[in-house]
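Colleague: Thanks for making time to go through this model with me. Shall we take it piece by piece?

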Amino acid sequence: RYYLNLMSLEIISHSPFLGEGIGSFIVSLYDSSLALTNPKNIVDNPGSFFLGIISEIGILGTLVLIIN
């Protein structure tokens with residue numbers, strides 16, 4: 001879980017406002033350009049729901065979800 005939260009923070013740092021796109025978390029785990037390495041036991045979502053949402057749809061998308 002710790003590793004997955006670090007990965008989601010790394011993804012958020014690449015595109016904080018718009019995110020990487022819905023469903024892109026698992027794709028980003030295989031991205032070799034990220035600083036962290038990928039363990040053998042892969043899951044398709046980060047340990048934190050909120051970090052997952054922000055990494056996929058960004059801060060602006062999260063605000064739209066909250067407002068609506």
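Modeller: Gladly, and let me start with a rule for ring pairs: rings of Phe, Tyr and Trp (its six-membered ring) pair if their centres lie within 6.5 Å, with planes under 30 degrees apart counted as stacked, over 60 as edge-to-face and the rest as tilted. Please keep in mind that this is a predicted model.

Colleague: How many aromatic pairs does the count come to by this rule?

Modeller: Ring centres have to lie within 6.5 Å for a pair. By this rule, the count of aromatic pairs comes to 1.

Colleague: Which kind of pair do Phe-49 and Phe-50 make: stacked, edge-to-face or tilted?

Modeller: Phe-49 and Phe-50 are both exposed. Their ring centres are 5.6 Å apart and the planes stand at 75°. Planes over 60 degrees apart fall in one class, so the pair of Phe-49 and Phe-50 is edge-to-face.

Colleague: Stepping back, what pattern does the protein chain follow along the sequence?

Modeller: The secondary structure of the protein chain comes to 3 helices and 0 strands. Read along the sequence, the pattern is α-α-α.

Colleague: And which element of the protein chain has the lowest mean pLDDT?

Modeller: For the protein chain, the mean pLDDT is 78, with 76% of residues at 70 or more. Where pLDDT is low, the predicted coordinates should not be read in detail. Among the elements, α3 has the highest mean, 89, while the lowest, 73, belongs to helix α2 (residues 25–29).

Colleague: Let's move to α3. Is Glu-56 buried or exposed?

Modeller: Glu-56 lies in helix α3. Not counting residues up to four places away in sequence, Glu-56 touches Leu-18, Gly-19, Glu-20, Gly-21, Ile-22, Gly-23, Ser-24 and Phe-25. Buried means under 20% relative accessible area, so at 18% Glu-56 counts as buried.

Colleague: How far apart in space are Ile-57 and Gly-19, C-alpha to C-alpha?

Modeller: Ile-57 is also a residue of helix α3. Beyond four places in sequence, Ile-57 touches Phe-17, Leu-18, Gly-19, Ile-22, Thr-62 and Leu-65. Ile-57 and Gly-19 are 38 residues apart in sequence, and their C-alpha distance is 4.4 Å.

Colleague: Which residues is Thr-62 in contact with, leaving aside its neighbours within four places in sequence?

Modeller: Thr-62 sits in helix α3, which covers residues 49–67. Its relative accessibility is 16%, so Thr-62 counts as buried. With those neighbours left aside, the contacts of Thr-62 are Ile-53, Ile-54 and Ile-57.

Colleague: Why does Ile-53 count as partly exposed?

Modeller: Ile-53 lies in helix α3 and, beyond four places in sequence, touches Gly-58, Thr-62 and Leu-65. Ile-53 is partly exposed because its relative accessible area is 23%.

Colleague: Where is Pro-16 placed?

Modeller: Pro-16 is partly exposed, at 28% relative accessibility. Leaving aside neighbours within four places in sequence, Pro-16 is in contact with Gly-58 and Ile-59. Its place is in the loop between α1 and α2.

Colleague: Last one: what separates the C-alpha atoms of Arg-1 and Gly-47?

Modeller: Arg-1 is found in the segment before α1 and counts as exposed at 70% relative accessibility. Arg-1 and Gly-47 are 46 residues apart along the chain, and their C-alpha atoms are separated by 4.9 Å.

Conventions. Residues numbered from 1 in each chain as written. Predicted model: local features only at pLDDT ≥ 70, side-chain atom pairs only at ≥ 80, totals over all residues. Heavy atoms only, no water. Buried < 20%, exposed > 50% of the residue type's maximum accessible area, 1.4 Å probe, protein only. Helix = DSSP H or I, 4+ residues; strand = E, 2+ residues; numbered from the N terminus. Contact = heavy atoms within 4.5 Å. pLDDT = per-residue confidence, 0-100.
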